[in-house]
Amino acid sequence: MGMLLAFAPFIAFAVVDRLAGSVEGLLAGATISAVLLVRDWLRPGVAPKILEIGTFVLFGSLGVYALLGAPNWSIMDVRLRVDAGLLLIVLMTMLIQRPFTMQYAREQVVPELWSNPAFLHANYVITAVWALAFAVMVVADLVLIYMPELPPRFGIIATVVAIVGAVKFTGWYPEREAGAEPSRRV
């Protein structure tokens with residue numbers, strides 16, 4: 001549940017973007033990100049997560065730029081920047097060998113499993129699936145930018161399928177691994 005809550009800024013962005021505009025959506029995403037960070041800082045024994053920090057930086061910097069620079073971005077341009085930023089955050093966590101899912105998974109399992117190779121592998125796999133979902137969203141954004149004759153529901157369907165697929169995989173994969181032979185268990 002904690003990992004899904006980390007996507008609340010993106011949900012706020014999508015809703016406010018559609019109802020009030022892109023700048024307002026970016027600021028809503030930054031605000032929700034800030035609230036999540038403060039919540040983590042105030043909870044004893046909980047550190048802010050890489051995804052939440054990256055999300056705050058992403059929405060905050062895009063929001064400030066949109067306010068001060070007044071770019072001539074379309075809604076799809078803004079969505080592309082947000083989705084690409086999220087993809088970069090997730091890929092960066094893998095590059096620095098700290099897949100973003102690991103911080104959430106550690107809250108669910110005993111510390112003795114944290115260095116288990118199967119636990120680490122499972123987190124890389126799940127993070128890679130999330131990266132794939134975000135890559136699908138980026139491609140859908142690009143398609144809609146370069147093929148504006150397509151209906152907007154194309155992007156909505158691609159986003160929903162990608163996110164639902166990643167959520168379902170995140171729930172299924174650890175159960176699958178737990179049922180594997182003892183040497184592969186998470």
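A residue is called buried when its relative accessible area is under 20%, exposed when it is over 50%, and partly exposed in between (1.4 Å probe, protein chains only). This is a predicted model, in which local features need pLDDT of at least 70 and side-chain atom pairs count only at pLDDT 80 or more, while totals for chains, interfaces and linings use all residues. Residues are numbered from 1 along each chain as its sequence is written, and side-chain values use heavy atoms, with hydrogens and water left out.

**View 1. S22, a buried residue of helix α3.**
S22 is found in helix α3; helices here are DSSP runs (H or I, at least four residues; strands are E, at least two), numbered from the N terminus. With a relative accessible area of 14%, S22 is buried. What does S22 touch, not counting residues up to four places away in sequence? Its partners are F13, D17, I75 and V78, where contact means heavy atoms within 4.5 Å.

Is D40 buried or exposed? D40 is buried, and its relative accessible area is 0%. Leaving aside neighbours within four places in sequence, D40 is in contact with V46, A47, P48, K49 and E52.

**View 2. Helix α3 from end to end.**
Helix α3 covers residues 22-42. Its 21 residues should span 30 Å at 1.5 Å a residue, and its end C-alpha atoms are 30 Å apart, which agrees. The expected span is 1.5 Å times one less than the number of residues. Besides S22 and D40, the buried residues of α3 include G25, L26, A28, G29, A30, S33, L36 and L37.

**View 3. Helix α2 against helix α5.**
Two packed helices are described by the angle between their axes and the distance between the axes. Axes are lines fitted to C-alpha atoms, for helices over the stretch in contact, and angles run from 0 to 180 degrees between N-to-C directions. Helix α2 (residues 8-19) and α5 pack at an angle of about 180 degrees, with axes 12 Å apart. The two are therefore roughly antiparallel to each other; that label applies to angles over 145 degrees, whereas under 35 counts as roughly parallel, 65 to 115 as roughly perpendicular and the rest as oblique. On the α2 side look for F10, F13, D17 and R18, which meet I75, V78, R79, V82 and L86 in α5. The residues of this contact divide into 6 nonpolar, no polar and 3 charged. In this count, Ala, Val, Leu, Ile, Met, Phe, Trp, Tyr, Cys and Pro are nonpolar, Asp, Glu, Lys and Arg are charged, and the others, Gly among them, are polar.

**View 4. Helix α2 against helix α4.**
The axes of α2 and α4 come within 10 Å and cross at roughly 25 degrees. These helices are therefore roughly parallel to each other. P9, F10 and F13 in α2 meet T55, L58 and F59 in α4. The contact residues divide into 5 nonpolar, 1 polar and no charged.

**View 5. Helix α4 and its cover.**
α4 has 20 residues and reaches 27 Å from its first C-alpha to its last, close to the 28 Å expected at 1.5 Å a residue. Its buried residues are L51, E52, G54, T55, L58, F59, G60, L62, G63 and A66.

**View 6. Two loop residues with positive phi.**
Most residues other than glycine have a negative phi. A70, although not a glycine, has a positive phi of about 45 degrees. Its place is the loop between α4 (50-69) and α5 (75-95), and at a relative accessible area of 59% A70 is exposed. A70 and T55 are 15 residues apart in sequence and 21 Å apart in space, C-alpha to C-alpha. Just after α5, Q97 takes a positive phi of about 65 degrees. Q97 lies in the loop between α5 and α6 (101-106) and counts as exposed at 58% relative accessibility.

**View 7. Confidence along the chain.**
The protein averages a pLDDT (the predictor's confidence in each residue, from 0 to 100) of 90, and 94% of the residues score at least 70.
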